[in-house]
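Here's a quick tour of a two-chain model, put together for someone who would rather look at the coordinates than read about them. Have the viewer open and follow along.

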Amino acid sequence: MIETQQLRKTFNKGKVVAVDDVTFQAMDGQITGLLGPNGAGKTTTMRMLYTLLEPDSGQMRIDGVDPQADPIRIKRALGVVPDSRGLYDRLTARENIRYYGKLQGLAEDTISQRIDHFSDVLDMGSFIDRKTDGFSQGQRVKVAITRALIHDPRTVLLDEPSNGLDVMTTRALRLFLEQLKREGRCVVLSTHIMQEVAALCDRIVIIAKGRVAAQGTAGELLEQSGQTNLEDAFVHLIGSDEGLLA
Amino acid sequence: MMAVYFKEMLDNFRDRRVVINTLLIGPLIGPVIFVALIGFMANQTTERLQSTLELPVIGAEHAPELVRFLERQGVVIKAPPADPEGAILAEEEEVIVRLSPEFGDAWRDGRPAPVELMVDQSLRYAGTTVSRVRNYLDAYGRQISHLRLQLRGVHPELTRPIQIQIDDLSTPESRGGMVLAFLPYFILITVFVGSMHMAIDTTAGERERKSLEPLLINPMPRWKIMAGKLMATTSFALLTLALGLIAFVVAMGFLPVEEMDMALSLDFRLAALAFLLVAPAALLAASLLTILAAFAKSFREAQSYMGMVIIIPMIPSMWILIDPTRTETWMTLIPLLSQNVLILELVRGEPVNWLWFGLSIGSTSLLALVLAAIAGTLYNRPRFIFTSA
């Protein structure tokens with residue numbers, strides 16, 4: 001479970017406010033979507049959660065632990081698929097994943113078992129032992145997801161996971177995320193794509209200009225805005241249609 | 001930490017370009033250039049000394065005795081070219097002797113008879129030939145003056161009030177050392193060449209392919225990740241250094257050392273000592289280049305910084321080349337300079353001064369560790385992690 005309280009982060013000595021005031025919760029066994037236009041502060045919020053950035057002010061708790069107080073423990077508890085999904089081109093997919101398993105401190109056997117498991121679930125058998133040079137976006141995302149989840153984390157953060165994926169891979173990804181949810185994990189994904197949120201998320205947190213504009217289930221958001229479909233609700237809640245077409 | 005180390009080693013060994021550049025061309029380029037250069041220099045000098053001297057003489061008929069003397073010394077007298085000045089300037093001839101009609105008159109009158117040597121003194125390679133001609137002419141002059149004095153009943157020794165004798169106390173090793181003045185540079189450069197690609201690949205490269213951010217999300221202190229990378233980079237530098245030294249030892253075998261009358265002692269024992277001496281510089285180079293490369297956002301940007309860094313180990317070598325001074329203790333405290341002077345001591349065949357060795361290794365290690373520690377803190381700053389932040 002993730003809780004944040006009035007997170008704030010600025011860059012360039014306070015001149016650029018990336019995250020102004022973000023408060024939200026994400027529950028175990030649910031998929032929570034951070035929805036917002038480009039530049040709204042979704043990635044920065046994520047980066048604070050996975051401890052690569054320190055907030056200027058505000059509180060965070062992941063399963064009751066403050067990421068700033070014990071970053072190593074938090075990193076062990078989180079599975080993160082960040083915006084940057086670079087792989088090592090000269091290593092095979094399996095070697096890429098095994099490297100992360102080692103960095104997580106897992107035993108060789110456990111790593112092999114987990115790789116086989118994901119290879120089945122994500123249908124990677126045909127390319128798991130190929131060098132990742134020349135992989136398609138879809139193949140890369142699958143490898144990135146596997147290496148992020150190699151240590152069986154309870155909480156999963158994904159930053160724009162469906163960026164650059166075709167329809168089939170997006171669908172496979174969606175089924176996979178739903179399975180994670182059924183396993184009782186806390187899944188948080190950020191996106192600017194309305195349909196993705198509507199189809200997938202139990203809770204939606206709308207972020208605009210570094211602030212939480214609204215949050216709740218799809219039904220609650222419709223109610224709050226008085227609109228009949230989610231897209232209109234979104235536009236209504238953030239006050240403009242900026243960034244929606246991106 | 002070891003996981004990072006093994007991954008980086010595997011990753012870079014997979015890259016054929018890296019292996020060829022760092023482990024083949026890197027170690028070989030120094031010895032090959034070096035040996036080719038020295039071999040060429042040595043050959044040139046010996047060739048000029050031993051080859052028959054073909055000497056164009058203008059007005060040979062004015063001094064038949066002199067010409068005959070030269071021929072007795074093995075000089076082949078040639079007919080002069082039509083345009084002697086032109087031939088010298090066009091570098092067709094290195095030296096031309098001109099004897100004027102006054103030669104005979106002056107000779108008979110007992111006045112110094114003029115002999116003109118036409119040379120271009122700006123041509124350094126002609127120096128050997130010119131001094132050979134002068135030696136022959138001097139010998140002839142001495143012979144005649146002795147004869148003249150004897151005819152007048154004077155002992156020729158009287159004209160030599162002093163006798164100069166040079167006792168060259170340089171050992172063959174120390175003469176070799178002069179030629180080897182830029183050997184330290186070639187050795188030091190191997191650790192920079194060896195760590196360059198790896199330093200870029202593990203930092204700027206990691207950023208360019210967007211794999212740094214996910215890497216740092218792993219539950220490892222950032223300095224450990226950096227330490228693993230530095231270890232891998234240093235290993236590559238050491239490997240390049242070792243291969244370079246072996247290549248040098250082998251290459252030295254091809255040098256015509258005996259003709260040059262100097263001993264270039266670089267056997268495997270000295271190479272091992274040199275390795276010991278330069279090993280701390282490998283960590284130094286790895287840390288320095290890693291810090292620089294970490295500032296760069298892309299491989300290309302990093303490479304442009306590297307070009308300048310390669311000049312750093314050159315500075316002490318150049319300085320020693322221009323101003324060769326005795327080794328003093330303070331020099332052994334300065335990283336890179338100390339390796340320079342101590343490698344020179346080694347190849348000159350001087351006994352090993354363990355204090356100097358210790359100081360050099362100690363001071364270089366200290367600086368290297370400071371740089372490594374700085375490198376270890378780099379990833380605590382967000383601007384080194386994100387491609388755009």
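How many helices and strands does the secondary structure of chain B come to? The count is 15 helices and four strands. Keep in mind that this is a predicted model, with an ipTM of 0.89 and a pTM of 0.77 for the complex.

**Confidence and overall make-up of chain B**

- Chain B has a mean pLDDT of 83, and 90% of its residues get to 70 or more.
- Helix α7(B) (residues 172–179) is where confidence in chain B is lowest, at a mean of 57, while helix α15(B) (residues 354–378) is where it is highest, at 91.
- Of the 389 residues in chain B, 37% are buried.
- Take the contacts in chain B between residues at least 6 apart in sequence: 75% of them join residues at least 24 apart.

**Nonpolar cores**

- The largest nonpolar core has 137 residues, and the members touching the most others are Val278(B), Ala282(B) and Ala285(B).
- Helix α11(B) (residues 268–295) gives this core its largest share, 16 residues.
- Leaving out residues up to four places away in sequence, Ala282(B) is in touch with Val191(B), Ser195(B), Thr234(B), Ala237(B), Leu238(B) and Leu241(B).
- Another core, of 12 residues, lies apart from that one, and its members include Val57(B), Leu66(B), Leu99(B) and Tyr136(B).

- Helix α14(B) (residues 337–347) is mostly covered, with 10 of its 11 residues buried.
- Among those buried residues are Leu337(B), Asn340(B), Ile343(B), Leu344(B) and Val347(B).
- Just after α14(B) comes Gly349(B), which has a positive phi of about 85°.
- For a contrast, look at Leu117(B), which sits in strand β4(B) (residues 115–119).
- Is Leu117(B) buried or exposed? Leu117(B) counts as exposed because it has 12 C-beta neighbours inside 10 Å, and 12 or fewer is the cut-off for that class.
- Even so, Leu117(B) touches Val95(B), Val97(B), Val130(B) and Val133(B), again setting aside residues up to four places away in sequence.
- From Leu117(B) to Leu344(B) is 227 residues in sequence and 41 Å in space, C-alpha to C-alpha.

**Where the chains meet**

- The contact draws 20 residues from chain A and 19 residues from chain B.
- On the side of chain A that touches chain B, α2(A) (71–77) and α3(A) (93–103) each put in at least two residues.
- The largest share of that side, four residues, belongs to α3(A).
- Sorted by class, the side of chain A that touches chain B holds 12 nonpolar, three polar and five charged residues.

**A buried strand in chain A**

- Strand β6(A) (residues 155–159) is mostly covered: five of its five residues are buried.
- Thr155(A), Leu157(A) and Asp159(A) point one way from β6(A), Val156(A) and Leu158(A) point the other way, and all are buried.
- β6(A) pairs with strand β5(A) (residues 78–81) in the parallel sense, over four bridges, and Leu78(A) stands opposite Thr155(A).
- β6(A) also pairs with strand β7(A) (residues 186–191), in the parallel sense over five bridges, and here Asp159(A) stands opposite Ser190(A).

**Positive phi in chain A**

- Thr51(A) is a residue other than glycine with a positive phi, near 65°, and lies in the loop between α1(A) (42–49) and β4(A) (57–62).
- Lys209(A) counts as partly exposed because it has 19 other C-beta atoms within 10 Å.

Terms used:
Residues are numbered from 1 along each chain as its sequence is written. Chains are lettered from A and ligands numbered from 1 in the order in which they are written. This is a predicted model: local features need pLDDT of at least 70, side-chain atom pairs count only at pLDDT 80 or more; totals for chains, interfaces and linings use all residues. A nonpolar core is a set of buried Ala, Val, Leu, Ile, Met, Phe, Trp, Tyr and Cys residues joined through C-beta atoms within 7 Å. A residue is buried if 20 or more other C-beta atoms lie within 10 Å of its own, exposed if 12 or fewer, and partly exposed in between; C-beta atoms are placed from the backbone. Two residues are in contact if their C-beta atoms, placed from the backbone, lie within 7 Å. Ala, Val, Leu, Ile, Met, Phe, Trp, Tyr, Cys and Pro count as nonpolar, Asp, Glu, Lys and Arg as charged, and the others, Gly among them, as polar. pLDDT is the predictor's confidence in each residue, from 0 to 100. Two strands pair if DSSP finds at least two bridges between them.
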